[in-house]
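Subject: Structure handover

Hello,

Here is the structure I said I would pass on. Please look it over first; my notes on what was found follow below.

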Amino acid sequence: MRIAILDDYQNVALTFGDWDSLKAGITVFTRPLDDVVRQLQGFEAVVAMRERTRFPAEVLDRLPDLKLLVSTGKRNAAIDVAAARRNGVVVSATGYIGEPTAEHTWALILAASRNLPQEFRSMREGGWQTTVGTMLHGKTLGLLGLGRLGAGAAKIGQVFGMETIAWSQNLTREKADPHGVTAVSKEELFARSDVLSVHLVLSERTRGLVGAAELAAMKPTALLVNTSRGPIVDEAALVDALRRKEIRAAALDVYDTEPFPADHPLRTLDNAVLTPHIGFVARETYEIFYGDAIEDIAAYQAGTPIRLME
């Protein structure tokens, strides 16, 4: 069996788990594929890291050797599962943990609130205090989405002494109350939040949900945080709002295009705190991703595929 491990940016996949047990030929791709169809010819199994490489029908239809596609995580919007099934490709998933992303959300909130990138840079350059930060205690944390990750972020906000409010299209008071969160209207969420954190799944309903009008409705002192999916926030509108100082800052881990273009205007803005989609990138997550991927491949080799993706 020939196995391709995709988008291993840190080149660490082979250090997580016993890949030798598969007795297979393994090729690791550490950079995004230029031509998915051409570069994956001849591979029987592919391990896809999250949604970094897309597998729509037009790609799957042109990979006749592919028999097993393993996706890290329990769902993957970049894979056309129906097209895979039509082509006789088994799609298996792995386990996932959300805690690293929730923790990273707060790393971004704290970094932006206390101007840590600027202070880090000043210290490296021999300087001393250069900025005045903002405390979180007594402020309002707004959650755009109150699923598992949103509820986790709310819990941490409450520890900081923040009032927590939330809105999503299906959120009710009955769903919010057990988390100590107040369900509000969309308009109230944007108007009241001192920190607004995005925790929605990307879909046609949520794409571009945070646009120019929503950003204009926020406080000029507000912070927008996105560790969910880039296209939920209108990137051009956000750049404009940050340049105009319509909001104080944005802290982002996800973007419309990934890897993030080197010449993107967000990279030039002092009021944008940026990380390279590392919210889920933690040793514990990778142990689950790659350990389960090895199990998935071994099960397929044995003729009993597991963790099939619907």
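The accessible surface of the protein comes to about 15000 Å², and carbon and sulfur atoms hold 51% of that area. Accessible areas come from the Shrake-Rupley method with a 1.4 Å probe, and for residues only the protein chains shown count as cover. This is a predicted model, in which local features need pLDDT of at least 70 and side-chain atom pairs count only at pLDDT 80 or more, while totals for chains, interfaces and linings use all residues. Residues are numbered from 1 along each chain as its sequence is written, and side-chain values use heavy atoms, with hydrogens and water left out.

Overall form

Of the 310 residues, 50% count as buried (under 20% relative accessible area; exposed is over 50%, and partly exposed lies in between). The C-alpha trace spans about 55 × 50 × 30 Å along its principal axes.

Among contacts (heavy atoms within 4.5 Å) with a separation of 6 or more, 61% join residues 24 or more positions apart.

Helix H10

H10 covers residues 235-243, and its buried residues are Glu 235, Ala 237, Leu 238, Val 239, Ala 241 and Leu 242. These pack against helix H9 (212-217) and against strands S10 (223-226), S11 (249-252) and S12 (272-274). At the start of H10, a side-chain oxygen of Asp 234 comes to within 3.2 Å of the backbone nitrogen of Ala 236. Just after the helix, Lys 245 has a positive phi of about 60°.

Loops

The loop between S11 and S12 contains Pro 259. The peptide bond from Glu 258 to Pro 259 is cis, with omega near -5°.

Arg 50 lies between strand S3 (45-48) and helix H2 (57-60), and is buried with a relative accessible area of 12%. Asn 115 lies between helix H4 (99-113) and helix H5 (116-124), and is buried at 11%.

Regards

Notes:
Buried < 20%, exposed > 50% of the residue type's maximum accessible area, 1.4 Å probe, protein only. Helix = DSSP H or I, 4+ residues; strand = E, 2+ residues; numbered from the N terminus. Polar contact = N/O pair within 3.5 Å; in protein donor to acceptor, adjacent residues only side chain to side chain.
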